[in-house]
Amino acid sequence: MMNMINKVGLLAVLLCLSLPYPAMAQEVRVSAGIFLGIINKDGKGPYQLILKEAAKRANISISEEVYPLKRAVRMFARKKFLAIYGMTDAVIEEIGDDKIITSYPLGVYKLFIFTGKRETPVSSYEQLKGKSIGGVSGYEAYYQELVNNNIRIDYLANEENQIKKLEAGRIDAIIGFMPDWIPFLNKLSYDPGFPIHLGYDYMTVWNTPEGKSFVDKISPVLRDMNSDGTLKKILGGRYMNFEYKATKKYEWVPNRQE
């Protein structure tokens, strides 16, 4: 009888060992710099919701901390986090482009010069000569064309300060990203045909085995979420259609076998 019990117990153990266990979710620490209307302190910004949904589909666990832009980049550069939302150009200025890789985009952006609603839209750099333009500290890497054209930039802490100084007449124009500024177009003018910078908002990730694993898991999911309309649904009026094509060495390239 005892032998029978032992055999049954052994059989139960063997059966348990043979059962397929669910794969442990990869945990990824993400640095989140506040983007106007896109990344929020409460963790419910559209990009944050997109990443959470993609991570869920890809069986990845996300641990996120929100900071002002400059600190978010600094914390990533110090290797406190594996990934950061966007800020690719700023990160490259800090650590170079050979140390990072990027995912499929969460969205796209265009950088414009905005003036007051009653002002003439800016359509050339010549119009900005001798004027004071309000920018946001932390976005310096995206303003290079303005710097190259000797445009004076007044650096402010955030977009709220940009609006306040523009309305007070203390600056002549502001630099802002579309689609972030869509909710403020009732107060502003801009020329859609004169973007001063454009690019993708991807996840910027350390070029390590762990980073590559994250990018390879999350990117196909983000691509599918763009195809099935999830990105558009979450971003709403901020969504801008795009077709992704990798042109830089650090950008994710789809597996041809997919």
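Modeller: Let's start with Arg223, which is partly exposed at 23% relative accessible area (buried is under 20%, exposed over 50%, partly exposed in between, with a 1.4 Å probe and protein chains only). Keep in mind that this is a predicted model, where local features need pLDDT of at least 70, side-chain atom pairs count only at pLDDT 80 or more, and totals for chains, interfaces and linings use all residues. Residues are numbered from 1 along each chain as its sequence is written, and side-chain values use heavy atoms, leaving out hydrogens and water.

Colleague: OK, which residue does Arg223 form a salt bridge with?

Modeller: Asp224, with the closest N and O atoms 3.8 Å apart. The rule is a side-chain nitrogen of Lys or Arg within 4 Å of a carboxyl oxygen of Asp or Glu. Asp224 is partly exposed too, at 41%.

Colleague: How many salt bridges does that rule give?

Modeller: Nine. One of them joins Lys70 and Glu140, at 3.5 Å from N to O.

Colleague: And where do Lys70 and Glu140 lie?

Modeller: In distant parts of the chain, 70 residues apart: Lys70 is in helix α3 (69-77), Glu140 in the loop between β6 (132-136) and α5 (144-148). Helices (H or I, at least four residues) and strands (E, at least two) are DSSP runs numbered from the N terminus. Lys70 has 43% relative accessibility, and Glu140 has 25%.

Colleague: Switching topic, what about Lys164 and Glu160?

Modeller: Both sit in helix α6 (159-167), four residues apart, about one turn.

Colleague: Which residues are linked in a network?

Modeller: Glu53, Arg57 and Asp228, through salt bridges.
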